[in-house]
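User: Hi! I'm new to reading protein models. Could you walk me through this one?

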Amino acid sequence: MGGFGFLVSAGLPVASLINAFAISNGMGKVIVLIQIASSIIAAAIIIGKNKELASIANSNRRFVGEFVAGGDVLGLYLARKKMTMISLALIYERTCERLVKFLAPDTRRAVVGRQQGGQEHAALAASEIELVRSTCEHIVMEEEIRVEQGMGLLATVVTASPMLGLLGTVWGVLDAFANMGAQNTVFLSAIAPSISAALLTTVVGLLVAIPSAIFYNNLAGKIRQINNDMEGFADEVMGRITCEFKGGGD
C-alpha cells in the first residue's frame with residue numbers, strides 16, 4: 001500500500017534514494033522519516049478501512065433480507081433475533097425502541113406480546129411519529145460519522161506528504177547554495193549531490209501521496225454508497241412506520 005512498496009515493485013532505483021538519504025541534511029532526514037511513518041499509517045488505515053467497509057456492506061445485505069422477511073415494520077424487532085449492531089441493524093433497533101416507548105401501555109403489551117389485533121389498534125400522533133423520525137435521523141448521522149472515522153487522517157497524509165517534501169527540497173537547496181557560497185565555488189559538481197539529496201523529500205512525498213490519494217478516493221466511494229444505503233433504509237423504515245402507526249391528532 002505504501003509508496004516504498006510501490007517503488008520496489010516498480011523496479012525504480014532504490015539505491016539512489018538510499019544514497020540521497022545518506023547525504024541529506026538533518027532536516028531532510030527528519031522529513032523523510034516522517035513521510036515513511038505517514039506511509040505506514042496510511043497503509044494501516046487503508047487496509048483496516050477496506051475490511052471494515054466490506055464487513056458493513058455484507059452485514060447490511062444480510063440484514064435487509066431479514067428485514068424484508070420480517071413482515072410488518074416491527075416483525076424483526078419483536079422476533080428478538082440476535083443481530084450485529086452496526087449500520088442498518090443499529091438504525092432499525094434504536095428506531096423500534098423509540099417507537100415502542102410511544103405506544104400506550106396496553107397497546108405496547110399487546111404489540112410486544114404479539115397478541116391478536118395488537119398492532120392493528122396501535123396508533124401514534126403525528127408529533128410522536130416525527131419524534132421517532134428524529135431519533136432515526138440522529139442514529140443515521142451517528143453511523144455516518146462512525147463509518148467515516150480515519151478518513152480525515154488519511155486525507156491529511158495525502159495533503160501533507162507532498163507539502164513536507166517541498167519544504168524539505170527548498171530547505172536542502174538553500175543549504176546547497178549556502179555551502180557553495182562558503183566554498184567560494186560556482187561549479188555544479190560541488191552542489192549537485194546536495195541538490196540531488198534535497199529533491200529526495202519531494203520524491204518520497206509524492207510516492208506516499210499518490211497511492212494514498214487513489215485508495216482514499218476508492219474508500220470515499222464505498223462510504224458514500226453505505227451512507228446512501230443507510231439514508232434510504234431510514235426512509236423506508238419511517239415510511240412503513242407512518243403507514244402502520246399513523247393516527248389522528250398532533
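Analyst: Happy to, and we'll take a few spots in turn. Keep in mind that this is a predicted model.

User: Which residues make the contact?
Analyst: From helix 3 you have Asn 60, Phe 63, Val 64 and Phe 67. Helix 5 puts in Leu 88, Ala 89 and Tyr 92.

User: How are the rings of Phe 67 and Tyr 92 arranged?
Analyst: The ring centres of Phe 67 and Tyr 92 are 5.3 Å apart and the planes sit at 75°. Planes over 60 degrees apart count as edge-to-face, so that is what this pair is. Phe 67 belongs to helix 3 and Tyr 92 to helix 5, so the pair ties together parts that are 25 residues apart in sequence.

User: Are those two buried or exposed?
Analyst: Both Phe 67 and Tyr 92 are buried. They also belong to one aromatic cluster, together with Phe 63 and Phe 233.

User: New topic: how many residues are in the largest nonpolar core?
Analyst: That core has 49 residues. Phe 63, Tyr 92 and Phe 233 are among those with the most contacts inside it, and so are Leu 74, Ile 241 and Phe 245.

User: Which element gives the largest share of this core?
Analyst: Helix 9 does, with 14 residues. Helix 9 spans 188–245. Other elements that give two or more residues include helix 7 (126–147) and helix 8 (151–183).

User: You mentioned Ile 241. What does it touch?
Analyst: Leaving out residues up to four places away in sequence, Ile 241 touches Val 73, Thr 95, Leu 99, Val 132 and Lys 246.

User: One last spot. Where does Ser 87 lie?
Analyst: Ser 87 is in the loop between helix 4 (75–79) and helix 5.

User: Is Ser 87 buried or exposed there?
Analyst: Ser 87 is buried, because its relative accessible area is 0% and the cut-off for buried is under 20%.

User: What's Ser 87 in contact with, then?
Analyst: Beyond its neighbours within four places in sequence, Ser 87 is in contact with Ile 56, Asn 60, Glu 143, Arg 146, Ile 226 and Met 230.

Conventions: Residues are numbered from 1 along each chain as its sequence is written. This is a predicted model: local features need pLDDT of at least 70, side-chain atom pairs count only at pLDDT 80 or more; totals for chains, interfaces and linings use all residues. Side-chain values use heavy atoms; hydrogens and water are left out. Contact means heavy atoms within 4.5 Å. Helices (H or I, at least four residues) and strands (E, at least two) are DSSP runs, numbered from the N terminus. Buried means under 20% relative accessible area, exposed over 50%, partly exposed in between (1.4 Å probe, protein chains only). Rings of Phe, Tyr and Trp (its six-membered ring) pair if their centres lie within 6.5 Å; planes under 30 degrees apart count as stacked, over 60 as edge-to-face and the rest as tilted. A nonpolar core is a set of buried Ala, Val, Leu, Ile, Met, Phe, Trp, Tyr and Cys residues joined through side-chain atoms within 4.5 Å.
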